[in-house]
Amino acid sequence: MPLNRRKFLKKSAATGAGVALASAAAAPAAEAAEAAKKPAKRYSLTVMGTTDLHGHVFNWDYFKDAEYKDAAGNAQGLSRISTLVNRIREEKGRENTLLLDAGDTIQGTPLTYYYAKVDPITAKGGPVHPMAQAMNAIGYDAAALGNHEFNYGIETLRKFESQLRFPLLGANAVDAKTLRPAFQPYVIKTFCVKGAPPVKVAVLGLTNPGIAIWDKAYVQGKLAFPGLEEQAAKWVPKLKSLGADVVIVSAHSGSSGTSSYGDQLPYVENSAALVAQQVPDIDAVLVGHAHVEIPELKVVNAKTGRTVVLSEPLAYAERLSVFDVELVFEKGRWAVESVASKVLNSNTVADDPKITKLLGDEHAKVVAYVNQVVGSATETLTTVEARYKDAPIIDLITKVQEDVVKAALAGTSYASLPVIAQASPFSRTSEIPAGAVTIRDLSSLYVYDNTLVAKLMTGAQVRAYLEYSAQYFVQTAAGAVVDTEKLTNAAGRPDYNYDYVSGLAYEIDIAQAAGSRIRNLTFNGAPLDDAQQFVLAVNNYRANGGGAFPHVASAQELWSESTEIRTRISEWATAKGVLDPADFASVDWKLTRDGVPVF
């Protein structure tokens with residue numbers, strides 16, 4: 001819109017903005033000099049951010065039925081975050097603050113599972129999701145979509161979205177057919193400044209392209225997820241044209257520039273820093289997805305040379321990112337003068353009693369649910385050594401998966417094929433105690449909401465799969481001392497990307513270089529035939545390419561379901577009544593060095 005000079009002069013005089021107009025009608029020299037002495041108008045904006053909350057409202061471990069504790073002394077939960085937010089709003093003035101989230105909200109604890117599956121928010125007259133209640137009460141201004149938002153299907157996500165009093169943003173979550181935004185791409189908030197024009201702050205939400213792989217069953221043919229960089233390049237200029245003085249990106253994408261899914265997608269999984277580097281006019285990025293703590297990361301934009309500030313708070317509401325944005329009014333507009341960020345630790349404050357009161361009933365329901373006894377165990381089963389020894393507790397997972405897939409394929413042309421199964425040591429502290437076994441005991445064994453898929457694999461493909469999995473171990477010479485704390489997680493590979501495979505026998509020779517470690521691989525006592533066909537019972541994350549294991553994503557899918565593996569384990573244990581390792585445990589693999597067992 002062209003500037004109406006008369007209105008501008010009138011507004012300038014009324015607000016006292018020290019703007020000199022270089023024209024014949026300019027103020028007299030004395031007035032201009034007086035105006036020049038006036039300091040430039042400034043404004044301070046505080047942007048707070050969380051990410052990867054994963055259903056953590058309280059500092060409570062539902063799997064242990066106790067307050068959450070870790071060696072670092074961290075505390076978890078939105079109730080703590082609420083206290084930090086209240087403190088900052090009181091200090092800065094609520095009208096000068098913005099509260100954002102970068103996604104992964106409605107999956108991750110028995111609390112979120114309960115309100116997706118046991119007492120679902122999608123039921124007629126169903127409850128309001130506890131995360132919606134908490135975030136509404138705290139007063140979030142916007143949140144980006146996370147990939148785990150899709151774990152329970154689009155219907156659950158849309159219901160959750162409808163229960164929020166703030167927008168759920170996803171500029172790169174588009175309709176698969178029209179390629180138009182399927183979720184609100186951005187929001188613009190206006191902040192009033194005394195004696196000056198308002199400050200307009202745009203928040204652009206971006207989510208993870210990996211959703212197309214990880215939740216393929218729900219989104220294929222319905223939604224598409226193009227790259228963050230290309231979508232930011234499309235939307236940021238639009239936000240600036242709409243008058244945005246500040247552009248904040250809330251991105252459910254890490255900053256490392258890497259991808260866990262290899263070349264299965266042409267888009268980078270962790271591209272937050274690339275967005276900052278490639279797309280001009282972004283001032284700050286709230287980073288999510290990677291579950292790492294980044295108080296402040298400065299990235300120089302390649303086109304403008306301006307510094308963009310990134311921050312990622314630790315997951316599960318353990319940290320709150322705080323961006324301090326300083327603006328100055330010059331040349332008739334607001335300009336960002338500086339951005340600095342830090343993270344605050346939620347262990348420094350107590351729960352907000354407002355949130356405790358609000359969600360006490362929902363919390364109590366879930367505690368009662370997970371403490372239901374569903375059977376008994378003849379001995380204690382634990383994951384403490386499961387990373388480097390074949391542990392019966394992981395065999396329980398593979399046995400359940402084998403049984404479910406065999407039952408599903410009964411009567412089909414694939415019923416005669418041998419079924420093998422993969423499972424990972426998700427937790428280092430899971431325990432099924434001798435005696436009474438509860439839902440929480442079994443749930444702690446399988447903390448993710450993965451579902452089961454049956455894939456057709458050859459012996460050669462299974463061999464390659466095992467070799468890839470064995471990269472998890474640090475190469476250790478035959479004579480070297482073995483330190484179990486340093487034996488695993490080679491090249492930073494997480495525990496959940498190390499797989500057992502049941503139904504086979506094999507050795508992993510950790511003295512050898514990665515890629516040539518699988519030795520004495522047999523099936524039914526005979527060397528594995530590379531042409532032999534197997535049905536691999538595998539979780540949907542792995543089946544869709546998560547972890548970039550070879551062959552499995554492209555393998556023919558024979559069957560899949562939407563019931564969580566965790567639920568299948570509970571059903572199996574309930575039907576058995578008694579968990580006896582004799583019914584499911586077998587030593588299928590062991591670590592060796594030059595043929596000599598490590599343990």
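This is a predicted model: local features need pLDDT of at least 70, side-chain atom pairs count only at pLDDT 80 or more; totals for chains, interfaces and linings use all residues.

**Helices and cores**

User: Good to know. How many residues does α12 have, and how far does α12 reach?

Analyst: Helix α12 has 18 residues and spans 25 Å from its first C-alpha to its last, close to the 26 Å expected at 1.5 Å a residue.

User: Which residues in α12 are buried?

Analyst: Quite a list: among them are I393, I394, L396, I397, V400, V404, V405 and L409. D395, T398, Q401 and E402 are buried too.

User: What about the largest nonpolar core?

Analyst: That core has 119 residues, and I432, L504, I508 and L579 have the most contacts inside it. Helix α12 gives the most to this core, with eight residues. There is also a second, separate core of 27 residues, including L100, A196, V203 and V336.

User: Back to I508: what is I508 in contact with, beyond four places in sequence?

Analyst: Its partners there are A470, F473, Y498, R517, I518, W589, K590, L591 and T592.

User: New topic. How do α4 and α11 pack?

Analyst: Helix α4 (residues 110-118) meets helix α11 (residues 353-370) at an angle of about 90°, and their axes are 10 Å apart. Angles of 65 to 115 degrees count as roughly perpendicular, so α4 and α11 are roughly perpendicular to each other.

User: And which residues meet there?

Analyst: From α4, P110, L111, Y113, Y114, Y115 and V118 meet E362, K365, V366, Y369 and V370 of α11. The residues of this contact divide into nine nonpolar, two charged and no polar.

Note on methods
Residues are numbered from 1 along each chain as its sequence is written. Side-chain values use heavy atoms; hydrogens and water are left out. Axes are lines fitted to C-alpha atoms, for helices over the stretch in contact, and angles run from 0 to 180 degrees between N-to-C directions. Helices (H or I, at least four residues) and strands (E, at least two) are DSSP runs, numbered from the N terminus. Angles under 35 degrees count as roughly parallel, over 145 as roughly antiparallel, 65 to 115 as roughly perpendicular and the rest as oblique. Contact means heavy atoms within 4.5 Å. Ala, Val, Leu, Ile, Met, Phe, Trp, Tyr, Cys and Pro count as nonpolar, Asp, Glu, Lys and Arg as charged, and the others, Gly among them, as polar. A nonpolar core is a set of buried Ala, Val, Leu, Ile, Met, Phe, Trp, Tyr and Cys residues joined through side-chain atoms within 4.5 Å. Buried means under 20% relative accessible area, exposed over 50%, partly exposed in between (1.4 Å probe, protein chains only). The expected span of a helix is 1.5 Å times one less than its number of residues.
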